[in-house]
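Please look over the sequence and the 3D structure shown below before reading on.

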Amino acid sequence: MDQKIYLRSTKSTNADAYALAIRGAAHGVGVLAQEQSHGRGRLGREWISPPGTGLYCSIIIRPSLPCGEFPRITLTAGLALCSAIESLTSRPFGLKWPNDLYCAGKKCGGILVESSPLHQGAENLFVIVGIGVNVNTRGNAFPLSLAGKASSLFMETGLPWDIDMLYDTIHASLLHHIALHEKQGFAEILKEWRLRDVLYEKEMQWLTTEGKVIRGWGMGPDDEGQLIARDGEGGVHKILSGDVQLLKEN
Ligand code: BTN
């Protein structure tokens with residue numbers, strides 16, 4: 001069993017796991033906190049992490065993959081999270097590119113992947129997979145800005161969930177999917193990922209690197225894991241930033 005470090009309260013489990021990995025902590029070591037005071041989301045956003053109702057954890061991965069492959073681990077981690085939650089809840093969860101966990105059009109969780117500096121020797125490279133899931137959150141506990149956009153496992157299943165057991169299931173699924181990625185290649189991961197793509201053929205909008213908002217329809221990730229979309233004029237776009245919004249759930 002890989003080492004699991006429990007913290008009552010911390011700033012960010014990603015920061016804790018990063019510090020441990022720099023000091024040589026092994027593949028599979030995880031940090032799990034009851035609450036975070038400075039939980040970090042993607043694109044510099046905050047991840048609100050109140051005590052007791054969410055899963056906040058970060059797992060150290062030392063991939064046997066060339067570092068050019070590291071950005072794809074983000075999709076591998078999303079697939080691992082989604083399939084773990086599906087297997088526990090028997091509910092149809094999906095993934096919004098690059099790696100948000102969705103159910104019935106609402107976000108239930110997200111992943112923040114951070115890599116070690118890439119210039120060091122291969123044996124020192126690592127990736128931190130930070131996972132946040134709204135577990136036992138009640139609808140009225142979300143801030144107004146998230147009303148109608150966020151959900152939790154409790155809200156989707158009507159059942160309370162044991163956060164420690166969830167961590168163990170997600171941890172096992174993550175290590176399993178990383179091994180699959182290493183042994184069978186990213187194409188195998190993508191095949192499964194595409195089955196859970198909530199943006200596929202759905203109307204969405206995204207922010208270009210020039211700050212322009214474009215509307216279009218999702219065409220799924222390409223073989224590199226970059227999201228492809230087409231606009232109303234038939235133009236095809238490769239989306240580099242992760243700032244994508246699903247416009248309609250249908
Ligand atoms: C996102 O959807 O923006 C990603 C959210 C990731 C949040 C998790 S909670 C545990 C870990 N520690 C952090 O500070 N962030 C990640």
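**Briefing on the predicted model**

H2 and H4 pack at an angle of about 135 degrees, and their axes are 8 Å apart. This is a predicted model, in which local features need pLDDT of at least 70 and side-chain atom pairs count only at pLDDT 80 or more, while totals for chains, interfaces and linings use all residues. Residues are numbered from 1 along each chain as its sequence is written, and side-chain values use heavy atoms, with hydrogens and water left out.

**How the helices are described**

- Two packed helices are described by the angle between their axes and the distance between the axes.
- Helices (H or I, at least four residues) and strands (E, at least two) are DSSP runs numbered from the N terminus, and axes are lines fitted to C-alpha atoms, for helices over the stretch in contact, with angles running from 0 to 180 degrees between N-to-C directions.

**H2 with H4**

- The angle makes H2 oblique to H4, where angles under 35 degrees count as roughly parallel, over 145 as roughly antiparallel, 65 to 115 as roughly perpendicular and the rest as oblique.
- The crossing of H2 and H4 is right-handed; a crossing has this name if the near helix is turned clockwise from the far one by less than a right angle, and is left-handed if anticlockwise.
- The contact (heavy atoms within 4.5 Å) involves residues of H2 including Ile73, Leu81 and Leu88, and residues of H4 including Met165, Leu174 and His181.
- By class, the residues of this contact of H2 with H4 are 13 nonpolar, 7 polar and no charged, where Ala, Val, Leu, Ile, Met, Phe, Trp, Tyr, Cys and Pro count as nonpolar, Asp, Glu, Lys and Arg as charged, and the others, Gly among them, as polar.

**H5 with its two neighbours**

- Helix H2 (residues 73-89) and helix H5 (residues 186-194) have axes that come within 10 Å and cross at roughly 45 degrees, which makes H2 oblique to H5.
- The crossing of H2 with H5 is left-handed, and Leu75, Thr76 and Leu79 of H2 make the contact with Phe186, Ile189, Leu190, Glu192 and Trp193 of H5.
- For helix H4 (residues 163-184) and H5, the axes come within 6 Å and cross at roughly 130 degrees, which makes H4 oblique to H5.
- His177, Leu180, His181 and Gln184 in H4 meet Phe186, Glu188 and Ile189 in H5, a contact with 3 nonpolar, 3 polar and 1 charged residues.

**Around the ligand**

- Of the 20 residues around the ligand (a heavy atom within 4 Å), Ser12, Gln36, Arg40, Arg42 and Lys107 come nearest.
- An N or O atom in the side chain of serine 12 is 2.7 Å from an oxygen atom of the ligand, and one in the side chain of glutamine 36 is 2.9 Å from a nitrogen atom of the ligand.

**Two points in the backbone**

- The peptide bond from tryptophan 97 to proline 98 is cis, with omega near 0 degrees, and proline 98 is in the loop between strand E4 (94-96) and strand E5 (100-103).
- Leucine 43, a residue other than glycine, has a positive phi near 55 degrees, and its place is in the loop between strand E2 (30-36) and strand E3 (54-61).

Conventions:
Polar contact = N/O pair within 3.5 Å; in protein donor to acceptor, adjacent residues only side chain to side chain.
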